[in-house]
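Reader: I am new to this structure. Could you take me through it in questions and answers?

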Amino acid sequence: MSESMRIHHHFEIRWGMVIDIDKCTGCGACVVACQAENNIPPNPDPFDRMRDPHWLIVYKLSNHKKFPEHDTAYLPRPCMQCGNPSCASVCPVIATTKDEEGGIVSQIYPRCIGCRYCMAACPYHSRVFNWFDPVWPEGMDKTLTPFVSTRPRGVVEKCTFCHHRWQIAKEEARKRGENPMHLDEQAYIPACAEVCPTGAIHFGDLHNPEHIVHKLARSPYAFRILENLGTEPQVYYLSRRDWVRKQGDNHFRQEEKKNS
Amino acid sequence: MALDRRGFLMFLAGGAAGSVLTPTAWKLTDDISIWTQNWPWIPRIPTGALDEKPSVLKLGSAEYGLKIKRVNKQPITASGNPNHPLSLGGIDALGAASVQLMYSPSRIQQPMIKNDQGQFKPIAWSKALELLAGLLKPLQGQTDALACVSGDSTGSSREVFSKFLRAMGSPHVYLQPADGLAQNRVWNDLMQGQGRLGFDLENSDLLLVLEPDLLDTWGATVKNQKVFGRGKTELIYAGALQNSTAAVARSWLPIHPGSSGHLALALAYCLFKQGLEPRPVPKGFREYREFVRTHYTPDQAARKTGLSAQAIQNLAQKLQQASRPLIISGSTTGEGAPGFPFFAGLSLNLLLKRINTSGGITCLPGPETVLDPAGGPSIENSQDFCGYIQDCATGKIKSPEILFVHEANPAYALPDTRKTTDFFDTVPFTVNFSQFMDETAARSDLLLPNPYFLERLDDSFTPFGSAMNNYSLSLPVTQSGVDAKPTSDLLIALASTLDHDLGVRSYAELLRKKCRRLGADWGRLTSGETWTSGKTLSQSGLTLWNQPIASMCRAQMTGTPQATPGLVLEANRKTGSSRTGLPPFGLKAHLEEELSGALAAVRINRQTAEQMNVRNGQAVTLTTQAGSIQARILLDEGVVTNTVAVPTGFGHTALDMFSQNKGGNANSLLSLSCEPGSGLCSGTAFEVQVSIAS
């Protein structure tokens, strides 16, 4: 990537996630909590991932060894909130940007024209397109939350690190007379991190030494997915298993040679 | 006026500049963008005051505290209650999906009765009660005329059912099979232990899990996950597949399906070799040791379990070196197993002196009863429902005239679906108190819907797996959106109609009395706090060998080595519980490869696939003595060779579109068998045939 393409913003706050893969049991509580919090409609057939709206997905990893040497792990994948988001630079209508303090890549639904360039550009498959209007079974729409508007057919959507929770946390801080730019670690946590029963998902300001993610992201066991692409994800993963870390950058064979 | 070339170019330039500078075009584009997304059929989000209310999850799975977020008093989301000892702020997929499940299309909207054409028609509550009282009246005093199965093992409703049936003269009150029920029966009936078993995972430094999925379906799963997440306990998993627990355990020890009891006794052999002797010496210790020494040398155990003799010895050494080891045994699904693996695991804990010690097994006093303080037949120690069905099928007990089904879906969840449905066909009148139109409700004659747990007052006393006794209230957070009545109150009223006094006028009164008996504060309980007690029962007369134990263990010696592929069931909370079916908001949590079309994936490793001559993605039929299901092959090296891993929770024929037409019901592959010695009846299927689907 040329230097001119690097649009890395230097924000005072850089919200980030560190997911400890060695603690993830793949229970799916994070996926359900995300869906409920962000008004993602249920789908009787969600197994076609190309058609089903989802913001957070859990992948099952394998070390590809034969029984009994086989090992497995689970990898939850939210939006990476890249430092250099490839989605933002291709959006023709500025519906997705990375210009707000905190470094969360925005998605403005009323601006989206559904061209799906961003989906093609995103190397993490974090973005989903609404092929159909959202439908909740009769009565279930009563459980819609007031936090995120519902999205119609023809619009791309993605994880926002539960951005509305940050807005609420800032408001609360202002009410208490505290600095909204220096929030306590527990003041703003996305729904997935809040419910995770093993505490595998950590969240906080990667720039703030008082937040655990600041330390965890610098762990020798930390890695980011497809780091070689230069997208600078704000989601880090932790694993003490070498094979898991190695799969974080899953290049083609010729690229491995070039980089070695 | 003539238009010359210059004029034309000026017009074009002016038009272009005007188009760029005027806001009209941009405003129109913006409006088009907004209004083409603003259709009336797109649901609107609510506005209003936000608050949070505590409750306790009661859906036939692990029970723990919830925080329910509401907008204008309408529940919207659930998260874990940090103040509840079994949640500590964590939640599982079913709990997280529980608010939306309240609006499942399969909710029963009102009391209904089946007509002669087999269709359900609405009926008024008063008429339904009158009808039921009329049917029950002539059955009073007949021992076998009325039976009840309940899926609620922690609520006081079981007391109400127990008392009601006793008043009617029937002892047939049963719980749906579960690991907790089986484990406590082995402890109380076979090993002569006192109280109910708790497991202090929190203070253990080494957890050896023998088959159950500790972090997804066994015991207090959310608390188990919290304990694991703290990273202070080493976790070793022995089982036939890499499930949620194995995926994060320090090591996975692959063993043949259903051989964990053998592994436990092989470890006991190694510990004896190292000179270990329990103090005080339990009754029957010498006979137990003799049995273990005769049948469980490492080489013999290696053949039984598939684990090498060296690996067994290393594991035994690790157990002895740990300061606070704890062995967890059970079934892979948490829905009951024969007594042998429970006994083997408990005996190992006993040898390692892990009873009533920190990080070991705690023996907890049983629940305080209000309606029958003097005791009476305890629902917990009574025969399980599988055994009852078996006895009815063999004519040992007369089939009931009326069957009550409460918070349970036995027609789907019990092993040997064919035998279970045959049983239901013999019952002339089934009354169902379910919230959902599940498989059992669809077979019932009268539906008297109980409100959803978020719509009613209920309680939860020490769910299985908890290290200490605890009591909390499941509080209503909203009014019922359907025409439902609390079942316990209904039974109290019904008893009154039949001239029986159950001792309380309402269920709320019963809960208040229970609260007083426990010494808990009602005000604090209703604010979402939990009563806890660290009291344990000291043990005397523990037994390692007697006639029933000998029968149970010797029956294990008659088994033949695996000739055809073995079967191992896997379960997880994403598929809900047997009562709920697949929760609408739980489906997205499944892995993409778990379901393809209407076929669920069954996992086998590459070597097994070669032996069977099947390939990845191929549609197959699994057949056992009990039945068959269709499935799709998924190659996975996380399954032991010569074994097929079959997911449970799929294959619903009732409930809603989120549950139907997804995979086959794994329970239909299991045969119902009763174990010699323990008398525990459970589903077994150690042999399965795999053929390519036509």
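Author: A definition comes first: helices and strands here are DSSP runs, numbered from the N terminus. The model is predicted.

Reader: Where is A:Pro68 in chain A?
Author: Take the two strands that flank A:Pro68. One is strand 2 (57-62) and the other is strand 3 (72-77). A:Pro68 sits in the loop between strand 2 and strand 3 of chain A.

Reader: Is the peptide bond from A:Phe67 to A:Pro68 cis or trans?
Author: Most peptide bonds are trans. For A:Phe67 to A:Pro68, omega is near 5 degrees. That bond is cis.

Reader: Which residues in chain B does a cis peptide bond join?
Author: Look at the loop between helix 10 (260-273) and helix 11 (285-295) of chain B, where B:Pro280 has its place. Omega is about -5 degrees for the cis bond there, and the residues joined are B:Arg279 and B:Pro280.

Reader: How many helices and strands are there in chain A?
Author: Both kinds of element occur in chain A. The count is eight helices and eight strands.

Reader: Why is chain A called as compact as a globular protein of that length?
Author: The globule rule gives 18 Å for 260 residues. The computed radius of gyration is close to that, so chain A is as compact as a globular protein of its length. The C-alpha trace spans about 50 × 45 × 40 Å along its principal axes. The radius of gyration itself is 19 Å.

Reader: What share of the residues in chain A is buried?
Author: Buried means under 20% relative accessible area. Chain A has 260 residues. The buried share of them is 62%.

Reader: What part of the contacts in chain A comes from residues 24 or more positions apart?
Author: Count the contacts with a separation of 6 or more. Those between residues 24 or more positions apart account for 66%.

Reader: Is A:Gln81 buried or exposed?
Author: A:Gln81 lies in the loop between strand 3 and helix 2 (86-90) of chain A. Its phi is positive, about 45 degrees, although A:Gln81 is not a glycine. Its relative accessibility is 0%, so A:Gln81 counts as buried.

Reader: And B:Asn613, buried or exposed?
Author: B:Asn613 is in the loop between helix 23 (606-612) and strand 23 (619-623) of chain B. Phi is positive here too, near 65 degrees, in a residue other than glycine. The relative accessible area of B:Asn613 is 63%, so this residue is exposed.

Reader: Which residue of chain B is in contact with A:Val58?
Author: A:Val58 is in strand 2 of chain A. At 6% relative accessibility, A:Val58 counts as buried. Leave aside its neighbours within four places in sequence; its contacts then include A:Tyr74, A:Leu75 and A:Pro76. From chain B, the contact is B:Leu591.

Reader: What area is buried between chain B and chain A?
Author: The size of an interface is often given as the accessible area lost when the parts come together. The contact takes 65 residues from chain B and 65 residues from chain A. Carbon and sulfur atoms give 63% of the buried area. The area is about 5,500 Å².

Note on methods:
Residues numbered from 1 in each chain as written. Chains lettered and ligands numbered in written order. Predicted model: local features only at pLDDT ≥ 70, side-chain atom pairs only at ≥ 80, totals over all residues. Heavy atoms only, no water. Helix = DSSP H or I, 4+ residues; strand = E, 2+ residues; numbered from the N terminus. Rg over C-alpha atoms; globule rule 2.2 N^0.38 Å. Buried < 20%, exposed > 50% of the residue type's maximum accessible area, 1.4 Å probe, protein only. Contact = heavy atoms within 4.5 Å. Buried area = accessible area lost by both parts, 1.4 Å probe.
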